[in-house]
Amino acid sequence: MASNEDIQKDLEAREYDAGFVTDIESDTIAPGLNEDVIRQISAIKKEPEWMLEWRLSAYRHWLTMEEPTWAAVDYKPTDYQSISYYSAPKSDKDAPESLDEIDPKLIETYEKLGIPLREQKMLAGIKGSNVAVDAVFDSVSVATTFKKKLTEAGVIFCPISEAIREHPELVKQYLGSVVPPQDNFFAALNCAVFTDGSFVYIPKGVRCPMELSTYFRINALNTGQFERTLIIADEGAYVSYLEGCTAPQRDENQLHAAIVELVALDDAEIKYATVQNWYPGDKNGVGGIYNFVTKRADCRGNRSKVSWTQVETGSAITWKYPSCILRGDYSRGEFYSVAVTTQCQQADTGTKMIHLGKNTSSTIISKGISAGRAQQSYRGLVRMGKGAENARNYTQCDSLLLGDQCGAHTFPYVEVKNPTATLEHEATTSKIGEDQLFYCQQRGLSEEDAVNMIVNGFCKDVFDVLPMEFAVEANRLMEVSLEGSVG
Amino acid sequence: MLEIKDLHVSVDGKKILKGLNLTINAGEVHAIMGPNGAGKSTLSNVIAGRDGYEITSGSVTYKGDDLLAMSPEERAWAGVFLAFQYPVEIPGVNNTYLLKAGVNAKRKHQGLDELDAFDFMSVVKEKAKLVELDPSFLSRSVNEGFSGGEKKRNEIFQMAVLEPSLALLDETDSGLDIDALRIVAGGVNKLRSADRAIVMITHYQRLLDYIEPDFVHVLANGIILKTGDKSLALELEEHGYDWVKETL
């Protein structure tokens with residue numbers, strides 16, 4: 001049986017299996033941040049003048065802001081002048097026309113990660129696999145698959161840098177309309193320097209014929225990744241989108257400050273799922289990704305619906321609150337989250353549900369698992385605005401602790417300005433019981449399998465709502481993350 | 001099958017078992033009775049391999065192997081089964097899924113192919129009938145929201161599926177009403193066989209009305225104080241445990 005000492009010891013032996021570095025030539029802008037760097041990024045991306053101006057104004061605003069300190073995380077401040085704000089694989093100066101033009105090493109990288117980019121392989125490969133993939137490597141998008149099939153359906157799924165050039169009217173209308181540049185410190189920084197990301201537009205009444213997926217990979221050293229995702233579901237449209245992230249194992253901290261904006265118009269539905277496995281740093285807390293992300297959905301239309309589902313096992317520091325603004329009447333927001341922190345990882349994460357429209361409803365299910373010396377906080381806000389007649393929220397936050405050196409904290413914030421609103425909040429904290437482990441072992445499971453089974457059981461409510469393709473991956477990821485977490 | 005020699009066990013520095021000897025052969029049904037705190041549950045936990053028990057001396061040999069050197073799951077694979085006194089709840093973990101993982105871990109260890117979901121379900125449905133377990137329990141989370149009687153019934157159901165060589169039933173009768181007791185005991189009786197040993201730990205003689213033991217042992221003061229046939233249980237019921245101590 002595992003004593004806490006064993007748990008501790010074996011956690012330290014845990015390895016990050018996406019931690020390899022791809023040896024590839026890159027074009028990288030020298031570290032440092034100023035208006036010239038922003039002009040350079042904008043020029044490389046062949047952006048129109050209005051985009052550059054937008055970036056510069058965000059940058060000027062960022063200069064007036066201070067890095068937030070209210071989160072329950074502790075880290076050395078980032079030197080924003082020591083980061084490179086643009087890195088791209090050299091062979092890929094202009095976006096590739098087809099997959100054949102991509103450096104085979106890149107393809108290899110993605111294959112190592114289990115992300116098939118080759119369409120024919122995907123078609124012939126895993127049964128039932130029907131996912132269009134956009135892959136972002138450092139600062140550029142390297143491949144978007146299934147373009148033809150999507151175009152036929154009228155769906156636009158492309159790198160955001162391409163969308164800025166090809167679909168400026170849509171980008172102008174929606175970019176920054178959910179997360180404005182002045183929203184917060186990291187958002188302003190992202191607006192100034194974002195390099196790539198995915199853009200999705202689903203036209204009126206269209207049900208996107210396949211799952212869309214973006215994989216983000218930070219490879220280059222001392223590089224920040226500032227991707228930007230914008231998804232618009234027009235009236236009556238539906239899309240399910242998956243996002244995955246990994247990074248090599250490096251001793252330096254790498255900054256990831258992304259923005260995701262979702263817009264759902266009348267009767268539209270967006271499902272957004274994330275499996276985040278950024279490098280978490282080593283057992284002493286050296287290295288790892290700082291994941292400072294702003295994700296927000298605007299349920300702008302009546303009866304619109306957005307659900308965030310996330311499985312987070314990576315990053316040294318996480319600061320992230322995927323949120324829903326429930327503006328349309330009868331709109332609905334959902335947040336399902338599993339966050340695993342081990343070793344020295346710190347996470348301050350949760351959600352915000354802002355109820356503005358009548359009869360809006362939201363559900364929050366958050367499952368936090370901590371092991372080693374990790375610290376995890378759930379921070380959630382539910383706000384019922386004046387006009388939110390008959391709005392409803394249900395919140396459930398459960399924490400599971402492995403070992404006795406980790407911590408779980410819950411900070412629920414509730415603001416109600418309408419007396420007809422209903423809120424429910426449930427929270428539990430439990431330790432993985434020695435009696436549960438022994439019970440499973442007595443039935444023949446190894447201790448490790450027993451932990452996986454108990455943890456998976458704990459996360460069941462969330463795993464049940466993951467898209468099929470991701471449910472398997474999430475399960476595997478959890479097993480890898482908790483590998484060796486007992487003796 | 002099981003040979004316990006001069007077993008001394010302490011918990012948190014307190015001596016619980018003080019030189020216990022016990023031999024159990026295949027096909028036999030043993031009942032271990034004794035007052036509260038005598039060390040009955042300690043004995044079953046030590047055999048199953050639970051943490052927190054310090055074995056200061058003595059040996060436990062199972063099918064010729066040193067049982068104490070094996071991990072709990074290795075003991076399970078070798079055919080040791082413990083029906084828990086207080087079966088624990090495991091939220092979100094499907095009852096059948098846990099059992100399937102257990103059965104397949106054992107099969108893998110024995111070099112057999114793992115059972116697929118279909119084959120496993122047919123085994124499970126068959127065994128569920130033994131203890132009249134409603135099929136709806138199969139898909140529920142392990143013991144979650146089960147009544148006391150349902151939990152005990154679930155233990156015997158698991159025993160039926162795992163087909164152990166040595167089954168330890170730790171106060172399986174406690175908390176059961178008379179109907180549940182009859183059903184559980186009926187299940188156990190159906191599982192009696194020439195190559196299986198069953199050890200029942202109980203406070204009460206009434207269980208033995210339903211499951212007739214070959215041997216009855218009185219465990220007190222950390223040792224087997226007295227061994228007899230089922231008539232010993234009746235005498236105990238009549239005279240109490242002090243009577244045993246006095247007769248020695």
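**Salt bridges, the interface and the cores**

Trainee: Is A:D298 buried or exposed?
Mentor: A:D298 counts as buried, because its relative accessibility is 1%, where buried means under 20% relative accessible area, exposed over 50%, and partly exposed in between, with a 1.4 Å probe and protein chains only.

Trainee: And what should I know about the model before going on?
Mentor: The model is predicted, so local features need pLDDT of at least 70 and side-chain atom pairs count only at pLDDT 80 or more, while totals for chains, interfaces and linings use all residues. Residues are numbered from 1 along each chain as its sequence is written, chains are lettered from A and ligands numbered from 1 in the order in which they are written, and side-chain values use heavy atoms, leaving out hydrogens and water.

Trainee: Which side chain meets A:D298 in a salt bridge?
Mentor: That is A:R300, with 2.9 Å from N to O; a salt bridge here is a side-chain nitrogen of Lys or Arg within 4 Å of a carboxyl oxygen of Asp or Glu. A:R300 itself counts as partly exposed, at 27% relative accessibility.

Trainee: Changing topic, how many residues of each chain are in contact between B and A?
Mentor: Counting heavy atoms within 4.5 Å as contact, 30 residues of chain B are in contact with 19 residues of chain A.

Trainee: How many salt bridges are there between them?
Mentor: The count is one, formed by A:R443 and B:E155, whose closest N and O atoms are 2.6 Å apart. Elements that give two or more residues to the chain B side include α1, β7 and α5, and α3(B) gives the most, with five residues.

Trainee: Last one: which residues touch the most other members of the largest nonpolar core?
Mentor: They are A:I369 and B:L43, in a core of 65 residues, a nonpolar core being a set of buried Ala, Val, Leu, Ile, Met, Phe, Trp, Tyr and Cys residues joined through side-chain atoms within 4.5 Å. Helix α11 of chain A supplies the largest share of this core, six residues.

Notes:
Helices (H or I, at least four residues) and strands (E, at least two) are DSSP runs, numbered from the N terminus.
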